[in-house]
Amino acid sequence: MPEMPEHHDEGSAIASTGAGGATDLAMSEAETLERVPVGHDGTGPDKKARSLWSDAWHDLRRNPIFIVSGLVILFLVVIAIWPQLIASGNPLDCDLSKAQEGSQPGHPFGFNGQGCDVYTRTVHGARASIEVGVLATLGVTLLGSVLGGLAGFYGGAWDGFLSRITDIFFAIPVVLGGLVLLSVVSNNSVWPVIGFMVLLGWPQISRIARGSVITAKQNDYVQAARALGASNSRMLLRHITPNAVAPVIVVATIALGTYISLEATLSFLGVGLKPPTVSWGIDISSASQYIRNAPHMLLWPAGALAVTVLAFIMLGDAVRDALDPKLR
């Protein structure tokens, strides 16, 4: 009997199986397997899921508070590095015959009690204030993150010891501590002030880093890495730190403005930066006794300080909103 030829429907496809047979798949199903997935709106392929940082940057670029504060901070950093761009004079050149005089052509902010140009000193004062704020924030963040992160990861006696040390530092009033510690320092540079801020500022960052690490190390991916034999250093650097650093960045950004304000407070009290260093705090201190007769001497450096601190606080708030999923 002649063998009848196999007949397949036009709307089917054949796929070989592991057993050597054949499985008929409907042509519509085969096309479905090859079809490019579309997004929820039907306009194109599904977009790749963004990470926390890319998602935060996506939100920040559309946040007007972040844009305004970022531009202000960028301008302040530029004039702190190159004050000659907008103020070509010397902030230490003074003429006593012009002491306390108001605005004049070429001197829009007037003169201070020593006859120095207030505009030039206000512009040049940004360097010391921002330098202290940035370096103190970097030191506090680095020291606090390392100590707090190790305490949160290893726990035990080290965690208990660090917790008691931070309690002691939290009990020390910052301004009072500055009056005591910096009053015995005769160095006129910014380093004693930065060292004092790092000494008393690291416990706050340490607490934040400790809590973030404790939360991150309980996640499933960390437990899976541990089960696969990952070392402690690998888990800390590759799995825990990238997912625990966001709260630290938020607190550090806001604290930067606080450290600038603290430097001005200590300089106002006479224990922070000292002449001939040009600082907003020093100018505010020297102008306070002339506030009735020459308020312009106090207005401009105090206004520059307020705008700077406000810009960093606004930047920190914008970063916090972008990095905290609960606030979305």
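Visitor: What makes C94 and C116 a disulfide?
Guide: The model is predicted, and its two sulfur atoms lie 1.6 Å apart. The cut-off is 2.5 Å. The S to S distance of 1.6 Å is within 2.5 Å, so C94 and C116 count as joined. A search of the whole structure finds one disulfide.

Visitor: Why is the disulfide of C94 and C116 called right-handed?
Guide: The torsion about its S-S bond is about 70 degrees, so it is right-handed.

Visitor: Where do C94 and C116 sit in the chain?
Guide: C94 and C116 are both in the loop between helix 3 and helix 4, 22 residues apart.

Visitor: Is C94 buried or exposed, or in between?
Guide: C94 has a relative accessible area of 41%. Buried means under 20% and exposed means over 50%. The value for C94 falls in between, so C94 is partly exposed.

Visitor: And why is C116 called buried?
Guide: C116 has 4% relative accessibility. That is under 20%, so C116 counts as buried.

Visitor: Now the charged pairs. How do you know that R210 and D159 form a salt bridge?
Guide: The closest N and O atoms of R210 and D159 are 2.6 Å apart. The limit is 4 Å, and 2.6 Å is within 4 Å, so the pair qualifies. R210 is in helix 7 (residues 191-216) and D159 is in helix 5 (residues 156-170). The two are 51 residues apart, so this pair links distant parts of the chain.

Visitor: What makes R207 and D167 a salt bridge?
Guide: Their closest N and O atoms are 2.4 Å apart. That is within 4 Å, so R207 and D167 form a salt bridge. R207 lies in helix 7 and D167 in helix 5, 40 residues apart. R207 is partly exposed at 35% relative accessibility. D167 is partly exposed too, with a relative accessible area of 33%. R164, D167 and R207 are linked in a network of salt bridges.

Visitor: Why do D317 and R320 count as a salt bridge?
Guide: The N to O distance is 3.8 Å. The limit is 4 Å, so D317 and R320 still count. Both lie in helix 12, three residues apart, about one turn of the helix. D317 is partly exposed at 27%, and R320 is partly exposed at 36%.

Visitor: How many salt bridges are there by this rule?
Guide: The count comes to six.

Visitor: On to the rings. Why is the pair of F153 and Y154 called edge-to-face?
Guide: Their ring centres are 5.0 Å apart, with 90 degrees between the planes. Centres within 6.5 Å make a pair, and planes over 60 degrees apart make it edge-to-face.

Visitor: Which residues touch the most other members of the largest nonpolar core?
Guide: I260, L305 and L323 do, in a core of 30 residues. Helix 12 gives the most, with 12 residues. L305 is in contact with I260, S261, A264, W280 and I284, leaving aside neighbours within four places in sequence. Another core, of 27 residues, lies apart and includes A128, A151, V190 and M197.

Visitor: How many helices and strands does the protein chain have?
Guide: The protein chain has 12 helices and two strands. Buried residues make up 38% of its 328 residues.

Note on methods: Residues are numbered from 1 along each chain as its sequence is written. This is a predicted model: local features need pLDDT of at least 70, side-chain atom pairs count only at pLDDT 80 or more; totals for chains, interfaces and linings use all residues. Side-chain values use heavy atoms; hydrogens and water are left out. A nonpolar core is a set of buried Ala, Val, Leu, Ile, Met, Phe, Trp, Tyr and Cys residues joined through side-chain atoms within 4.5 Å. Buried means under 20% relative accessible area, exposed over 50%, partly exposed in between (1.4 Å probe, protein chains only). Helices (H or I, at least four residues) and strands (E, at least two) are DSSP runs, numbered from the N terminus. Contact means heavy atoms within 4.5 Å. Rings of Phe, Tyr and Trp (its six-membered ring) pair if their centres lie within 6.5 Å; planes under 30 degrees apart count as stacked, over 60 as edge-to-face and the rest as tilted. A salt bridge is a side-chain nitrogen of Lys or Arg within 4 Å of a carboxyl oxygen of Asp or Glu.
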